[in-house]
Every structure is written in C-alpha cells, then in structure tokens.
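User: Hi! I am new to protein models and would like to learn how to read pockets and aromatic rings. Could you walk me through this one?

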Amino acid sequence: MSASTAPSSEASTGAAAVTGASEHMTATSRPVWTAYLPIAIAVALLALVPLVLGGSRTYMGLAIGALVFAGYATSFNVIFGATGQLFLCLGALAGVAGYTSAILTDRAGMPLVIGLLAGTALACLLGGLFSWISVRRSLDTIFTGIVTLTFALGFENLLLGQREWTGGETGLVIDTGSEGFLAGDTGGYYTFLAVLALFLILFRLLQRSHYGWAFRALKDDEMTAEHAGVDVARYLIAAGAIGSAMIGVIGALYAHHEGFVSPTSYAFHHVDVRTLVMLAFGGINTLLGPVIGAVSFGFIDEWLRDLGQLRVAIYGAVLVSLFLGFSDGVGPAVAKAVKRVTGRR
C-alpha cells in the first residue's frame, strides 16, 4: 500500500511544482508595472475622497475608519489569507502596539517614532511567537484560533487590571501625535492611505516572491509542501510576524491619531469580527479584497450603529453566509460572473 502511495505523492508534488513554475513564468513574462497597476488605481481614487468629503467631519471620520480597517484586513490577509493561520487576536495585537506606544511617548517622554517602532516590534514578536507555538504543537486552524483568542481575552483583562498604566476602562488620553502628520482629519486620512498603499505593495511583493509560492503550497497542503522542501516553520512564522507587525503599525498610529485609547478601541467585537467580515466579503487572499470589504462595510456599519450590540449578531450571520455561499468572497464571485457573461457574448 505504501509503495502505491509513494508514486502518487511524488506525482502530485511534481504536478504542483510544474504548476508553480508555469504560474511563475506567466507572471514574470508580463511587465512588472501591471502587477501594481490595481494598487495605483485604488490609491488614486481613494486620494480624491477628502476633496469630496473634506467639509464633513462625520464622513471623514468614516473614511479614516475604512482605511484603518483596510489596513487591518490587509495585514490579516498575510496571516490567514496567505497561510491559513487563524489569529483571533487582531485587536489585541493592535492594542499591544497602541498602548506600548502611548505609554512610552506620553508617560516616558520618548519620541513618537520610538514609541511606534517599539509597539510594532512587540506586536511582531507576539505574532511570530503564536505561529511558532502553532508549528511546534502542530495546531490546526481551529486550535490556533482558540490559542490566540485566549490571548485576546487575557489582554483585555490585563488592560482593566493595570489601571495605573492603562487607565482601566476609562482609557488614556494621548497628547503625542496631536500635531504633525497625524493631526486633523486630512492629515490622518492621507497618513493611513500611505500606510495602506505600502501594505498593498508589500502584499503584492510577497505574492510574486518565493514567499508567495511557499505560502500557496502551505495553504494547499502543508504536508505535501514539507515533502517538496518547503521550510514550514520558517514561512509560517514569517507570515505571522510580518502580518502582526503590520497590525501593530495601524494600531499604534490609530491611537495617536485619535488622541485616546481604551479597551473598547481594540475589543474583539470591534476589530476582529469586523475585519473577518470585511475580508470574507472582499475576497480572502486577494489583493484589493480588504479595500473593497472595508469601504463597503465602513459605511454599512454606520447605518447599523443604532442597533448597538445587535450588530455583532448581524455580522456573525453575514460571516457564516459568506463562507457558505461565497467562499471566495463577493468581489471575486462578481468578477467570475462578469467573465462568464462576457465569454458567452
């Protein structure tokens, strides 16, 4: 039985290698700029938003929130979309960076750049640690989610317990960052837009590099990828660390832009649930899926604001419906439908 299985395994590995090589040749045969053209178009369109909404603080606040969650979703795309690692601690990772930066700058008097770097580095370290634990203990997607969710709940209790440092449930007022590139709605908007553009470029670079090939192999079949020579631990830890660092950047910048941070700013229902819904709607492991999902649900969320906690139940129902009916996301499903209609014509 083992003798018959071996050739089959080798054949599948060989087929995967041929497919990967074929995709790589196709990608490299096209001009490099075409891979980044969608990013340029999306960023150019988003750059026009303040010209349209600049007179409304309410809508500018919604637009900034959409960019923040697009950043969260793009970061999560590196972790979950690319490698299938379910981190249910996005808000906690963002909170670690936000609180670390706030305490170092406002309490210890350090420069803003030092606070941002320290917060990002700590989030990066934690993300890499979670991936290492997942590999070390051979945890599947569900158990990785449970481990990270446990950390998220513990972090929230830590914020409430260490009142002298975190301000407890009342939060912290942050003065650092009230002036400069994060000041005002317009300054904050273009700062988060620049960060989102960098995140999208990084995601595309990863897709087109050997990391992208390894990520695809890991997500399709981790055991087969390992037999093919992919260093599973290395690439999973890299994805966890890179994605978590990106989350840390957004979380820290958001804290200084708002000038206030509290446990609710990074609560599970506020960050993780929304990010999951946005990414599932826009398209998991797609380039612009996080942007489509964040822009769409950014304004939908405002319409549902009066429903209070009922929004979480609605988002849960939407998330289940998306995974059952549109496993690839609504965006890719619409694109495929358009291609089919165009092809018939």
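This is a predicted model: local features need pLDDT of at least 70, side-chain atom pairs count only at pLDDT 80 or more; totals for chains, interfaces and linings use all residues.

Analyst: Happy to! Let's start with a pocket: the second largest pocket has a volume of about 720 Å³. Residues are numbered from 1 along each chain as its sequence is written, and side-chain values use heavy atoms, without hydrogens and water.

User: How is a pocket found?

Analyst: Rolling a probe the size of a water molecule over the atoms shows where empty space is left. On a 1 Å grid over the protein atoms alone, with a 1.4 Å probe, a pocket is an open set of points with protein on both sides within 12 Å along at least five of seven lines; lining residues have an atom within 4 Å of a point. Points are joined across faces, edges and corners, and the volume is the space filled by probe spheres set on them.

User: Which helix supplies the largest share of the lining of the second largest pocket?

Analyst: That is α4, with eight residues. Helices here are DSSP runs of H or I with at least four residues, numbered from the N terminus. α4 (57-83), α9 (184-208), α12 (232-258), α13 (268-282) and α14 (289-303) each give the lining at least two residues.

User: How do I read a pair of aromatic rings?

Analyst: A pair of aromatic rings is described by the distance of the centres and the angle of the planes. Rings of Phe, Tyr and Trp (its six-membered ring) pair if their centres lie within 6.5 Å; planes under 30 degrees apart are stacked, over 60 edge-to-face, and the rest tilted. By this rule there are 11 aromatic pairs. Phe76 and Phe80 are stacked, at 5.3 Å centre to centre and 10° between the planes. They sit about one helical turn apart because they are four residues apart in helix α4.

User: Are Phe76 and Phe80 buried or exposed?

Analyst: Both are buried, meaning under 20% relative accessible area, with exposed being over 50% and partly exposed in between (1.4 Å probe, protein chains only). Tyr189 and Tyr190 form an edge-to-face pair, 5.6 Å centre to centre with 85° between the planes. Tyr189 is buried at 1% relative accessibility, whereas Tyr190 is partly exposed at 34%.
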